[in-house]
Amino acid sequence: MTSLIRQPRFMALQELKQQEQAISLAQRFDEDPARFSRFCFAFGEHMRVDLSRQHWSSEVQALLCELARDMKLESAIAALFGDNLFNHTEGRAALHTALRMPEGASAILDGENVVPQVHAEQARLRAFCERVHTGEWRGFGDQPITDVVNIGIGGSDLGPAMVTEALAPYQGLALRAHFVSNMDGAQLGSVLADLDPTTTLFVISSKTFTTDETMTNARAARAWLLSACGCEAHIARHFVAVSTNTEAVTAFGIDEANMFRFWDWVGGRFSLWSAIGLPIALAVGFERFQQLLAGAHAMDEHLRTTPFEHNIPVQLALLSIWNINVLGLQSEGVFPYSQQLKRFPAFLQQLNMESNGKGVTNAGSPVDHASGPVVWGEVGTNGQHAFFQLLHQGSVVVPAEFIGFARSAYPYPEHQRKLLANMLAQAQAMAFGKSREQVEAELAVEGHSAEAIAHLAPYKVMPGNRPSTVILCDELTPYNLGALIAMYEHKTFVQGVLWNINSFDQWGVELGKKLAARLITDLSSDEVTTTHDGATNGLLAQIKAWR
């Protein structure tokens, strides 16, 4: 396939760059009263995505849509819902959309409909959740479970942890969820310190059941439980697994009946919809887990059936192509104005940067253009008092995505009004800023002298003209959260198609793992190490001296 930047319509976009940059956002709104309605997209009755404060025009948007067609995006989207080999370097399909399809739907892989398998495993999850919630499942002290600890890392942690925290108002069940991922024993130790082993259930989430961080934490948790119960037989009452490795799971002491499965066509960062989502279902109830799936499926159908010109994930991805590859903006800030979504930026970091942080095309040749952006963020209003200074007056332009909700699940209406006012104000300030004339007029009204005004004015000018997107939902419900996550999944997928890269492998994490295995051996000895580079040898020597 011809590279993105060598497509005729991409070249046409480059020719428009200077013309588009010469028009300020303020000018665009002044000259086009209908701009908001043209660039604000609806997802059902629950979500609006406002792209009107981005540096683009209808001409740019139309060219981007045609560019997507030139890059065969339509056929790629069709393949996402059936037989595909998007992850060609690992010989796997990417069929996570099947995880949220309703019963009776069809997703064909190698001639077989995988949807019945999905629902059969969901039935097992539902039955297990009911046993825990009703108190039928009991620990070695014959007490019902009060705490669930998920031990995993990457996609086996970030997704479930983020969703569980986001849906905290729906956790009406007497069950607390905890998440352990870090190799640093401080995380596991701080979680276990507050738990009673007689009422604690561990969910070990690892596809291979060999992931070093996960299994190190799992073995430590196992030892903690055994020190309390003193009997290997009790392991099966306090540990369940989400994996594909039956032999390793049973060797650990987990009953095969309590091993929940998923498939090699489920990538880690796309796996929360599978049995990896067990801690979500335990925390909020299986029915709400199904609502999460339903919201994601609705976004799937939106992607699959909506023309590019009104297709929200496609528009978000095309806008990123415009910002990254034409305007040269290499960073994306994501700012949820919801404390419940405090882990959402971290989730999106993995989703996008692990998916699209690639330097090789699907043909095995070097990528000749920018691909995955640096994704980062923090919840509002905390970020306003930390780094928003750079967003408003810094020399680096960062396109921002603000996420807000009209209603809150918590009974503090004044807080919610002020939260939303701050979100809207930040988008407004980024777009329109404050001119030198406005600053001077305000300082004069405040009674400053002409000399003071001349001195202060340059520091108080806000240049504005900074691009942003606002994603507004009516409320943070399981359904809306599912749709929001799937929207970002599909944005990431579409970006990968247009950049012609494999968004579903992650070979970049392998080298560090292999080097770490060697270093673990070196750190187990007090002998001087000379087999690495000079810096590593020196640091190993210092660690051993201090140890």
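Predicted model: local features only at pLDDT ≥ 70, side-chain atom pairs only at ≥ 80, totals over all residues.

Visitor: Fine. What volume does the largest pocket have?

Guide: About 1000 Å³. It has 43 lining residues, and the closest to its centre are Thr211, Gln506, Val509, Glu510 and Lys513.

Visitor: Which elements give two or more residues to that lining?

Guide: Helix 9 (212–229), helix 15 and helix 21 (510–523). Helix 21 gives the most, with 6 residues.

Visitor: And how do the lining residues of the largest pocket divide by class?

Guide: They come to 15 nonpolar, 17 polar and 11 charged.

Visitor: What about the second largest pocket, what's its volume?

Guide: About 450 Å³. Of its 20 lining residues, Ser338, Gln339, Ser408, Gln416 and Leu419 are the closest to the centre.

Visitor: Which helix gives the most there?

Guide: Helix 17, residues 413–432, with 4 residues in the lining of the second largest pocket. By class, that lining has 7 nonpolar, 9 polar and 4 charged residues.

Visitor: Which residues line the largest cavity?

Guide: Gln54, Leu316, Leu319, Ser320, Asn323, Glu332, Gly333, Pro399, Ala400, Glu401, Thr469 and Lys491. Helix 14 (312–326), strand 10 (331–336) and strand 12 (400–405) each give two or more residues to it. Helix 14 gives the most, with 4 residues.

Visitor: OK, switching to helices. At what angle do helix 1 and helix 4 pack?

Guide: About 160°, with the axes 10 Å apart. That makes helix 1 (8–21) and helix 4 (58–70) roughly antiparallel, because the cut-off for that is over 145 degrees.

Visitor: Is their crossing left-handed or right-handed?

Guide: The crossing of helix 1 and helix 4 is left-handed.

Visitor: Which residues meet there?

Guide: From helix 1, Arg9, Phe10, Ala12, Leu13, Leu16, Gln19 and Glu20. From helix 4, Glu59, Val60, Leu63, Leu64, Glu66, Leu67 and Asp70. The contact divides into 8 nonpolar, 1 polar and 5 charged residues.

Visitor: Helix 4 packs with helix 14 as well. How are those two set, parallel or perpendicular?

Guide: Their angle is about 105°, and their axes are 10 Å apart. That makes helix 4 roughly perpendicular to helix 14.

Visitor: And which residues make that contact?

Guide: Val60, Gln61, Leu64, Cys65 and Ala68 of helix 4 meet Gln315, Leu318 and Trp322 of helix 14. By class there are 6 nonpolar, 2 polar and no charged residues. Val60 and Leu64 are named in the contact with helix 1 and in this one with helix 14.

Visitor: One more pair. What about helix 6 and helix 13?

Guide: Helix 6 (115–133) and helix 13 (286–305) pack at about 145°, with axes 10 Å apart. Gln122, Leu125 and Arg126 of helix 6 make the contact with Phe286, Glu287, Gln290 and Leu293 of helix 13. That contact has 3 nonpolar, 2 polar and 2 charged residues.

Visitor: Last topic, the backbone. Where is there a cis peptide bond?

Guide: From Gly380 to Thr381, with omega near 10°. Thr381 lies in the loop between strand 11 (374–377) and helix 16 (388–393).

Visitor: And what is phi at Asp110?

Guide: Near 55°, a positive value in a residue other than glycine. Asp110 sits in the loop between strand 3 (108–109) and strand 4 (112–113).

Key: Residues numbered from 1 in each chain as written. Heavy atoms only, no water. 1 Å grid on protein atoms, 1.4 Å probe; cavity = no way out; pocket = protein on both sides within 12 Å on 5 of 7 lines; lining within 4 Å. Axes fitted to C-alpha atoms, helices over the stretch in contact; angles between N-to-C directions. Parallel < 35°, antiparallel > 145°, perpendicular 65-115°, else oblique. Left-handed = near helix turned anticlockwise from the far one by under 90°. Contact = heavy atoms within 4.5 Å. Nonpolar A, V, L, I, M, F, W, Y, C, P; charged D, E, K, R; others polar. Points joined across faces, edges and corners; volume = space filled by probe spheres on them.
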